[in-house]
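User: Hi! Could you walk me through this structure?
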Amino acid sequence: MVGADELTVEDRKPGLRLMAVHAHPDDESSKGAATMARYVAEGHQVMVVTCTGGEAGSILNPAMDRPEVLANMTEIRREEMARAAKILGVQHRWLGFVDSGLPEGDPLPPLPEGCFALAPLEESTEALVRVIREFRPHVLTTYDENGGYPHPDHIRTHEVSMAAFDAAGDPDRFPDAGEPWQPLKLYYGHGFSKRRMELFHQAMLDAGVESPYAEWLAKWDPARPDVMERVTTQIECGEYFEVRDEALKAHATQIDPDSRWFFVPIDVQRKVWPTEEYELNRSLVDSTLPEDDLFAGIKEKVSP
């Protein structure tokens, strides 16, 4: 394994590297986008890896629900992703797998042959290891074991990310996929906190306007734990919420600009909840929890 103490002089230049591994185009803009924009603004390198092309995604914006759009979803989603990456200031790589779709029904139908969720784990792990060894990130972010929500591609993204984190620094694994490189930390990104919804809900009521969270909170299963119980790291990034929203809107087939995503004014968001949340799952450096920086413990190791 290539550890922090084995980094070369070239690696010890200013600016650290963060890689965010996502399942579909638009996931990067709805999960951790303001964090990435902040780190880009601070001079760090950020790369988004998108495991699938989002080919099976539905058109969720009524203004884009047109036959010619549906007929060209693959190309359009690639164009949307390119716009979002430019807005966020991040580098981007497609991992090259096919969207598995979200199965619905009882019983659930089988997943389509050749999709990402059914691809051999070794094959998709090697593909991600190759990109890790090229970009050499110090930190990876991905989804938890539930995928954030139980979409088969999100769960597979978790599995692939965990396997690649372990394999990337091992010279005996995938020797044709580039020089070994060991990321130093791995985080799960977390959203949809009940506590966050409650605070936004109350802020909207206090302002005398209808809350978009009333229905969600009413249906919340009391047995379901809040993800805040797992959070170890909160990144202050309210300054970049506008960038996040513009990146979201770049995914025009998926994001309706009049949807609940944008109901809570930015100034209210900054006041009530100006952070994005993560759970530290793997670390090869020492850092003290709770954290306010994904690079905590790494800057001390790699700075000249």
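User: Which residue in strand 4 is the bridge partner of Met19?
Analyst: That's Leu140. This is a predicted model, where local features need pLDDT of at least 70, side-chain atom pairs count only at pLDDT 80 or more, and totals for chains, interfaces and linings use all residues. Residues are numbered from 1 along each chain as its sequence is written, and side-chain values use heavy atoms, leaving out hydrogens and water. Strands (E, at least two residues) and helices (H or I, at least four) are DSSP runs numbered from the N terminus.

User: How many bridges join strand 1 to strand 4?
Analyst: Three, and the two strands run parallel. Strand 1 also pairs with strand 2 (residues 45–52) in the parallel sense, over six bridges; pairing takes at least two DSSP bridges.

User: Is strand 1 buried or exposed?
Analyst: Six of its six residues (17–22) are buried, so strand 1 is largely enclosed by the rest of the structure. Buried means under 20% relative accessible area, exposed over 50%, and partly exposed in between (1.4 Å probe, protein chains only).

User: New topic: how many salt bridges are there?
Analyst: The whole structure has 19. Each is a Lys or Arg side-chain nitrogen within 4 Å of an Asp or Glu carboxyl oxygen. One of them joins Glu134 and Arg93, at 2.7 Å from N to O. That pair links distant parts of the chain, helix 5 and strand 3, 41 residues apart.

User: And which residue does Glu242 bridge to?
Analyst: Arg270, with the closest N and O atoms 2.4 Å apart. Glu242 is in helix 9 and Arg270 in helix 10, so the pair ties together parts 28 residues apart in sequence.
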